[in-house]
Amino acid sequence: MDITNSSVVNIENATVEFKKGTIGTITTYQFDTSKGGHPMVNAMAGLAVLKDDEQLIMLNHCAPTGLFPKIEDEFDYTHQELPNGLTQIVFSKKSEAQNTTDFSATSCGGGCG
């Protein structure tokens with residue numbers, strides 16, 4: 001997925017660079033933790049700013065299975081392995097989400113799955 005009109009944005013508590021742009025008409029945030037940078041911390045930081053009809057793309061060395069149970073009430077997600085061996089996870093806010101996610105819950109007991 002190629003983001004157009006992207007620029008670097010400041011995301012509170014993030015430890016890696018975030019970009020914001022569009023894919024088609026969808027406002028999209030993207031970050032890469034495949035080489036380090038605390039995947040859970042950055043995922044929660046990015047999800048905290050996500051609005052309805054926006055998406056967040058995470059590139060990581062694996063699917064962060066410890067993250068999914070923490071966010072599944074409020075966010076939909078899909079993940080796929082890319083040809084380069086990385087995993088791409090695309091998050092979007094569920095319609096009528098109740099804002100129940102604890103974005104400070106950045107510890108992870110799951111790892112890759």
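# Report on a predicted structure

Phe-18 and Phe-31 are both buried, where buried means under 20% relative accessible area, exposed means over 50%, and partly exposed lies in between, computed with a 1.4 Å probe on protein chains only. The structure is a predicted model, in which local features need pLDDT of at least 70 and side-chain atom pairs count only at pLDDT 80 or more, whereas totals for chains, interfaces and linings use all residues. Residues are numbered from 1 along each chain as its sequence is written, and side-chain values use heavy atoms, with hydrogens and water left out.

## Aromatic pairs

The whole structure contains four aromatic pairs. Rings of Phe, Tyr and Trp (for Trp, its six-membered ring) pair if their centres lie within 6.5 Å; planes under 30 degrees apart count as stacked, over 60 as edge-to-face and the rest as tilted. Phe-18 and Phe-31 form a stacked pair because their ring centres are 4.7 Å apart and their planes meet at 25°. Phe-18 belongs to strand β2 (residues 18–23) and Phe-31 to strand β3 (residues 26–32), so this pair ties together parts that are 13 residues apart in sequence. Helices (H or I, at least four residues) and strands (E, at least two) are DSSP runs, numbered from the N terminus.

Phe-68 and Tyr-77 also make a stacked pair, with 4.1 Å between the centres and 10° between the planes. Ring pairs join Phe-68 and Tyr-77 with Phe-91 in a cluster.

The table gives the relative accessibility of some residues discussed in this report.

| Residue | Relative accessibility | Class |
|---|---|---|
| Phe-68 | 6% | buried |
| Thr-87 | 7% | buried |
| Tyr-77 | 27% | partly exposed |
| Thr-4 | 40% | partly exposed |

## The sheet

Six strands form an open sheet in the order β1-β2-β3-β4-β6-β5, with mixed pairing. Two strands pair if DSSP finds at least two bridges between them. The edge strands, β1 and β5, each pair on one side only. Neighbouring strands of the sheet are turned by 20° against each other on average, with direction ignored. In general, the strands of a sheet pair through backbone hydrogen bonds, either parallel or antiparallel.

Strands β1 and β2 run antiparallel and are joined by four bridges. Val-8 stands opposite Lys-19 of β2. Thr-4 is placed in strand β1 (residues 4–9). With neighbours within four places in sequence left aside, Thr-4 is in contact with Gly-21 and Thr-22, contact meaning heavy atoms within 4.5 Å. The C-alpha atoms of Thr-4 and Lys-20 are separated by 8.9 Å, although the two residues are 16 residues apart along the chain.

Not counting residues up to four places away in sequence, Thr-27 touches Lys-20, Gly-21, Thr-22, Asp-53, Glu-54 and Gln-55. Thr-27 and Leu-56, 29 residues apart along the chain, have C-alpha atoms separated by 8.7 Å.

Thr-87 lies in strand β6. Its contacts, apart from residues up to four places away in sequence, include Met-58, Asn-60, His-61, His-79 and Glu-81.

## The helix and the core

Helix α1 (residues 39–49) lies across β2, β3, β4, β5 and β6, and runs at about 170° to β4. Axes are lines fitted to C-alpha atoms, for helices over the stretch in contact, and angles run from 0 to 180 degrees between N-to-C directions. The buried residues of α1 are Met-40, Asn-42, Ala-43, Met-44, Ala-45, Gly-46 and Leu-47. Among the elements that cover them are β4 (54–60), α2 (68–71), β5 (75–81) and β6 (87–93).

Which residues have the most contacts inside the largest nonpolar core? They are Phe-31, Leu-47, Leu-56, Leu-67, Ile-71 and Phe-91, in a core of 20 residues. At least two residues of this core come from each of β3, α1, β4, α2 and β6, and α1 gives the most, with five residues. A nonpolar core is a set of buried Ala, Val, Leu, Ile, Met, Phe, Trp, Tyr and Cys residues joined through side-chain atoms within 4.5 Å. Beyond its neighbours within four places in sequence, Phe-91 is in contact with residues including Leu-47, Leu-56, Leu-67, Phe-68, Ile-71 and Tyr-77.

## The salt bridge

The structure holds one salt bridge, defined as a side-chain nitrogen of Lys or Arg within 4 Å of a carboxyl oxygen of Asp or Glu. The bridge is formed by Lys-93 and Glu-74, whose closest N and O atoms are 3.5 Å apart. Lys-93 lies in strand β6 and Glu-74 in the loop between α2 and β5, so the pair ties together parts that are 19 residues apart in sequence. Lys-93 and Glu-74 are both buried.
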